[in-house]
Structures are given as C-alpha cells and as structure tokens.
Amino acid sequence: FYRDRRPRPFPVAAFLLPHGSYAQAPSFTLTPGALSPAAVVPGGIATTVLQLGGDPSVGTVSLSCAVTSSLSTTSMPTCAISPTEVTPPATTSLTVTSLGPTPAGQYTITITGTASGAATQTATLFLNVVQAQQNYALTVTRAIESGTVTAGGVAQAIITITPLSGYSGTVTLSCLSISPVVVASPYCSFQ
C-alpha cells in the first residue's frame with residue numbers, strides 16, 4: 001500500500017476589504033481660541049471663539065462649560081456658550097464673566113462637546129482674575145442735556161476727579177465719539 005506524503009494544499013477562505021471601506025464612527029474636533037483678554041478684574045468679561053471641525057454626519061454637538069478653581073469661593077466666574085448646539089463644521093462663542101466679588105486667582109474653564117455616536121471632546125482654558133486698585137473716581141456733577149445745544153452754540157459739563165488712596169498721578173480725559181455723526185460734527189475739549 002502506497003501513501004503520498006507530499007503536503008497537500010487545503011482550502012482557505014480569504015476576504016479582502018478595499019482600503020478605507022470599513023465603517024468608522026464619525027468624529028469631531030473642539031478647538032478653543034485664546035481668551036481675550038487673558039486677565040480680567042472682578043466684574044470683567046473675557047470672550048473667545050470655539051471651532052468645531054469634523055464630519056457633519058456626527059450630527060448635533062451639544063456644548064457646555066464649567067468653571068473650577070482651587071480657591072474656596074462662592075463667587076466663581078460664570079461661563080456661557082452661544083449657541084449651545086451646532087453641527088460641525090461650525091463656530092460658537094464662549095463668554096466668561098468674573099463677578100464683582102470674585103477673588104483674584106486662576107480659574108479653569110472646561111468646555112465639553114457631546115454628540116450621540118461620537119466620542120466626547122473636551123478643551124481647557126485658563127482665566128486670570130486680578131485685583132486692580134482703583135486710583136480715582138469720576139463723577140459727572142453737571143451733564144449736558146441732549147438737544148440743548150444749537151448750531152454754533154456751546155455747552156459745558158462738569159466732571160469731578162477725586163483721588164483715592166493717596167493717588168497723585170495724571171488722569172487723561174478724551175472723547176470717544178459724538179453723535180449724531182454729521183458733516184460738520186461737533187467737537188469736545190477739556191479745560
């Protein structure tokens with residue numbers, strides 16, 4: 001009896017998928033710009049733009065933010081995103097407001113983006129709250145009433161500057177705008 005001892009091929013089933021044809025969950029990116037300004041005084045506001053990139057098939061991304069700090073305070077800055085729901089690619093704005101009694105220090109702002117069927121994305125920003133010493137107080141003791149100045153006429157207001165805490169520096173006053181804007185617009189000066 002003869003037996004063939006040569007290796008015999010046996011059937012193998014192979015399935016090849018073309019490159020990139022496998023299913024992949026849609027995703028998005030969350031990239032915040034820098035806060036402007038990076039430091040605020042209590043009561044100040046900082047803003048930035050959030051960029052959402054990625055595949056629109058991810059659907060609606062819900063955005064939220066939270067402010068934390070190692071400081072023990074009940075006057076934590078607040079944050080708000082508008083709009084809170086977007087579909088990538090999109091931009092949205094973040095506003096951080098430092099409350100009047102917010103103590104000086106660094107605060108962490110965590111931004112979270114969530115979409116069903118996609119991984120949650122987070123980003124972190126830092127806001128510095130600084131205590132600025134007020135050097136002087138401005139008081140308008142006599143204002144100009146609107147509509148009381150005729151063409152070619154003059155009106156005066158009285159502004160009182162009161163130094164605080166021994167301030168002895170210079171205070172420079174200027175006018176930012178006078179309205180309504182006309183060809184021969186009024187002007188202001190300080191004496």
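I looked up cysteine 65 and found it partly exposed, because its relative accessibility is 24%. The cut-offs are these: buried means under 20% relative accessible area, exposed means over 50%, and partly exposed lies in between, with a 1.4 Å probe and protein chains only.

I noted that this is a predicted model, where local features need pLDDT of at least 70, side-chain atom pairs count only at pLDDT 80 or more, and totals for chains, interfaces and linings use all residues. Residues are numbered from 1 along each chain as its sequence is written, and side-chain values use heavy atoms, leaving out hydrogens and water.

Which cysteine is joined to cysteine 65? I found cysteine 79, with S to S at 2.2 Å. A disulfide here is a pair of cysteine sulfur atoms within 2.5 Å. The structure holds one disulfide. Cysteine 65 sits in strand 4 (residues 61–68) and cysteine 79 in strand 5 (residues 78–82), so the pair ties together parts that are 14 residues apart in sequence. I also checked the handedness: the link is right-handed, with 115° about the S-S bond.

Next I listed the elements. The protein chain has 11 strands and zero helices. Both are DSSP runs numbered from the N terminus: helices are H or I with at least four residues, strands are E with at least two.

Last, I turned to the whole chain. Of its 191 residues, 18% are buried. I looked at contacts (heavy atoms within 4.5 Å). Among those with a separation of 6 or more, 60% come from residues 24 or more positions apart.
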